[in-house]
Amino acid sequence: MDSWIQIIALSLLLGTACITDIRYQKIPNLLVLTFFAAGIIYRVTCGGLIGLWGALIASACGFIPLLIIYLFKGIGAGDVKLFAAIGIWSSTVYVLQLMLISFLAAGIIGLVILISKSIYLRRFILMLHTLYIPALRMNRKGYIKWADAGKKFPFMIAVMPAFILVNWVLEPIIIINIPI
């Protein structure tokens, strides 16, 4: 991405969305709409109508593929709107790359969840979970209650590692920032 402002905005958006998605299984509309509107203002200020056009195309590239997955009940509506807001703040290549890596991470997490159905692996996963997310105030008993309720895992658990990977590991290698 071109600017630290974009990275900071996306970090705030995804960090807040991650916490609310894990704790409440919900990404607030107010959060997404606020960042969407702020992103439009930022893109118009920095790039004029061409910047706005590029942002809208990137937003559509984040929104449309996830909308199709949402229609098949693969993810929640909050995730769809979130990727539209990510597109406003980034580029087409960035949002598609983040989406692809998030899907790969979600697949790996899904495999781990399937494998963790055995008793020994479940204990190991519980230990990792307790270490991984202490700030969310979900202790071991809270996780067991959540897992036994049959809830799906929040997609943000896959998006956050993908975000870190795209911004701080792969950016110098892969990202080509195209204006649209």
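Guide: Let's begin with Val166, which is buried, its relative accessible area being 0%; please keep in mind that this is a predicted model.

Visitor: Okay, and which helix does Val166 lie in?

Guide: Val166 belongs to helix α7, and its C-alpha is 8.1 Å from that of Tyr94, although 72 residues separate Val166 and Tyr94 in sequence.

Visitor: What about the largest nonpolar core, how many residues has it got?

Guide: That core has 37 residues, and those with the most contacts inside it are Leu13, Leu14, Leu82, Phe83, Ile86, Leu98 and Met156. At least two of its residues come from each of α1, α2 (29-71), α3, α4 (92-115) and α7 (156-170).

Visitor: And where does the largest share come from?

Guide: From α7, which supplies nine residues of this core.

Visitor: Back to Leu13 then, what is it in contact with?

Guide: If its neighbours within four places in sequence are left aside, Leu13 is in contact with Leu31, Phe35, Leu82, Ala85 and Ile86.

Visitor: Switching topic: at what angle do α1 and α3 pack?

Guide: Helix α1 (residues 4-24) and helix α3 (residues 77-89) pack at about 170 degrees, with 10 Å between their axes, and the two are therefore roughly antiparallel to each other. On the α1 side the contact is made by Ile5, Gln6, Ala9, Leu10, Leu13, Leu14, Ala17 and Asp21, and on the α3 side by Asp79, Leu82, Ala85, Ile86 and Trp89.

Visitor: How does that contact split by class?

Guide: The contact of α1 with α3 has 10 nonpolar residues, one polar and two charged.

Terms used: Residues numbered from 1 in each chain as written. Predicted model: local features only at pLDDT ≥ 70, side-chain atom pairs only at ≥ 80, totals over all residues. Heavy atoms only, no water. Axes fitted to C-alpha atoms, helices over the stretch in contact; angles between N-to-C directions. Helix = DSSP H or I, 4+ residues; strand = E, 2+ residues; numbered from the N terminus. Parallel < 35°, antiparallel > 145°, perpendicular 65-115°, else oblique. Contact = heavy atoms within 4.5 Å. Nonpolar A, V, L, I, M, F, W, Y, C, P; charged D, E, K, R; others polar. Core = buried A, V, L, I, M, F, W, Y, C linked by side-chain atoms within 4.5 Å. Buried < 20%, exposed > 50% of the residue type's maximum accessible area, 1.4 Å probe, protein only.
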